[in-house]
Amino acid sequence: MGTKKFLIPEVHRYLAARESPASRFVDLFAGTGAVAASLVNDVKVTCNDALSFPSVIARATLLQGTGCTSARARLALVAEARSRYVSASHDFADQIVREDAALAMGARSTHELILEAVHPGNSEDAVARSRRAAAAENYQLVAIYFSSGYFSTRQSVALDCIRDVLDEWYPSVASDSGPWSQGSPRDLFLAAWLTTASITINSPGHTAQFLSARTETGYVRVRRNWMRDVFDVYEQVLLSTVSLGRSAWRRGNRVMQSDAMSIPNPAHFGWNANTVLYADPPYTKDHYSRFYHVLETMTAYDYPNSFGVGRVRSDRHLSDFCYRSRVSEAFASLGRLAASSGSELLVSYPSDGLISETELDETLGVHGGLKRFARLDRSHSTMGGSKGSQRKSTVENLYLLQPQ
């Protein structure tokens with residue numbers, strides 16, 4: 001959601017027009033790193049995001065040391081996960097039988113099964129089950145939280161089996177959760193797992209909600225999504241996942257996981273006048289964490305408290321850029337970050353965002369000279385909302401803050 005790939009040519013134009021070449025490009029709201037990937041081999045990049053799953057994907061593709069596993073090692077992990085499926089599925093055998101029967105009977109039965117699905121967001125029994133699984137270190141999170149909705153139960157158990165083997169063979173290290181993490185083979189396997197979930201998930205392109213079977217058309221989509229073989233998809237993704245660029249470029253790249261408003265002293269990272277900061281913050285009241293909560297929970301694998309039909313984790317990240325009362329101060333924090341490092345700051349923001357251009361100028365202008373570098377007429381997604389059009393016209397602006 002919210003991709004700004006169309007701005008990449010303008011970012012490149014800015015970098016080419018600089019009097020001195022940029023030594024580093026820091027994407028403060030990087031997502032999965034589309035802008036950074038477009039700079040492959042040209043400029044060292046630092047990707048930062050408040051969510052954890054984008055950091056995994058960025059590490060897998062942008063850092064050194066993540067792609068050094070052979071095809072044999074990758075296939076061996078898939079084979080081991082397949083071998084564990086039969087035993088792992090025993091605890092969910094009744095649920096699998098009910099699901100298969102509902103799919104065989106058609107739309108009405110499938111829709112009713114989805115409506116009646118039990119999970120920690122609506123059942124104390126499911127909460128207790130999740131706590132038992134966590135205490136016993138059983139790999140059942142996806143099946144307990146997201147089956148009969150975002151995934152079929154068969155798919156959920158398969159995803160859990162893959163994570164079980166992944167964590168056993170490539171355990172997490174302290175740097176995975178640090179503010180400035182390095183790459184490892186684990187990132188490749190974990191990123192491929194998350195990508196597999198994204199490919200097989202029963203959703204409209206985000207995970208704020210899952211597809212139901214209220215209509216025959218909806219039923220066909222649900223059945224098609226639920227029938228995809230997770231192991232086959234994971235194998236294909238795993239074998240095709242590669243690191244980008246040359247080794248020398250990847251060695252100089254960095255990945256951080258931090259709220260952009262609370263990044264520690266930029267001098268610690270060596271950011272200076274030759275560093276370019278890029279900010280593409282949220283611009284509506286919709287918190288992006290809601291659209292990615294399934295991937296975020298799968299990454300953490302922490303059996304969280306959750307709520308609602310969407311089964312959203314209760315401690316999801318909430319951005320100050322999504323509150324009209326806080327957005328001005330949020331932008332001020334970016335201005336201070338640029339000023340403290342002496343770096344130029346590029347800001348992508350639409351004309352119909354929560355803060356006006358006048359307010360943006362007043363907020364950022366105290367930290368240097370602010371000018372509009374580019375203006376583009378675009379069409380934005382309305383985040384899959386059911387009311388009104390799915391697209392709306394807007395003007396996208398690229399502003400440049402030059403420190404005093």
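In this predicted model, serine 258 touches Asn48, Asp49, Ala50 and Ile263, leaving out residues up to four places away in sequence. Serine 258 sits in the loop that runs between strand E3 and strand E4 (275–279). Its relative accessibility is 13%, and because buried means under 20%, serine 258 counts as buried.

**The chain as a whole**

The chain contains 17 helices and nine strands. Its radius of gyration is 22 Å, close to the 22 Å that the globule rule gives for 404 residues, so the chain is as compact as a globular protein of that length. The C-alpha trace spans about 65 × 50 × 35 Å along the principal axes. Of the 404 residues, 54% are buried. When contacts between residues at least 6 apart in sequence are considered, 77% of them join residues at least 24 apart.

The accessible surface amounts to about 17600 Å², and carbon and sulfur atoms account for 50% of that area. The charged side chains comprise 43 positive and 41 negative ones, and the centres of these two sets lie 4 Å apart.

Helix H3 covers residues 52–62; eleven of its eleven residues are buried, so the helix is largely enclosed by the rest of the structure. Among these buried residues are Phe53, Pro54, Val56, Ile57, Arg59 and Leu62. The buried residues of H3 pack against several helices, namely H2 (34–38), H10 (185–200), H13 (247–252) and H15 (293–300), and against strands E2 (44–49) and E3 (254–257).

In soluble globular proteins, nonpolar side chains tend to be buried together. The largest nonpolar core of this chain has 62 residues, and those with the most contacts inside it are Val142, Phe146, Phe151, Trp193, Tyr234 and Met298. Helix H10 gives the most to this core, with eight residues. Phenylalanine 151 illustrates the packing: not counting residues up to four places away in sequence, it touches Val142, Phe146, Ser156, Leu159, Ala197, Thr200, Ile201, Trp226, Val294 and Met298.

**Residues in loops**

Serine 23 lies in the loop between helix H1 (8–17) and strand E1 (24–27). With its neighbours within four places in sequence set aside, serine 23 is in contact with Val43, Lys44, Asn272, Asn274 and Thr275. The C-alpha atoms of serine 23 and aspartate 42 are separated by 9.5 Å, while the two residues are 19 residues apart along the chain.

Most residues other than glycine have a negative phi. Asparagine 41 is not a glycine, yet it has a positive phi of about 70 degrees; this asparagine is placed in the loop between H2 and E2. Tyrosine 303, which is likewise not a glycine, has a positive phi of about 50 degrees and lies in the loop between H15 and strand E5 (306–307).

| Residue | Relative accessibility | Class |
|---|---|---|
| Serine 23 | 39% | partly exposed |
| Asparagine 41 | 26% | partly exposed |
| Serine 258 | 13% | buried |
| Tyrosine 303 | 13% | buried |

Key. Residues are numbered from 1 along each chain as its sequence is written. This is a predicted model: local features need pLDDT of at least 70, side-chain atom pairs count only at pLDDT 80 or more; totals for chains, interfaces and linings use all residues. Side-chain values use heavy atoms; hydrogens and water are left out. Helices (H or I, at least four residues) and strands (E, at least two) are DSSP runs, numbered from the N terminus. The radius of gyration is taken over C-alpha atoms; the globule rule is 2.2 Å times the number of residues to the power 0.38. Buried means under 20% relative accessible area, exposed over 50%, partly exposed in between (1.4 Å probe, protein chains only). Contact means heavy atoms within 4.5 Å. Accessible areas come from the Shrake-Rupley method with a 1.4 Å probe; for residues, only the protein chains shown count as cover. Lys and Arg count as positive and Asp and Glu as negative; His and the chain ends are not counted. The place of a charge is taken as NZ of Lys, CZ of Arg, CG of Asp or CD of Glu. A nonpolar core is a set of buried Ala, Val, Leu, Ile, Met, Phe, Trp, Tyr and Cys residues joined through side-chain atoms within 4.5 Å.
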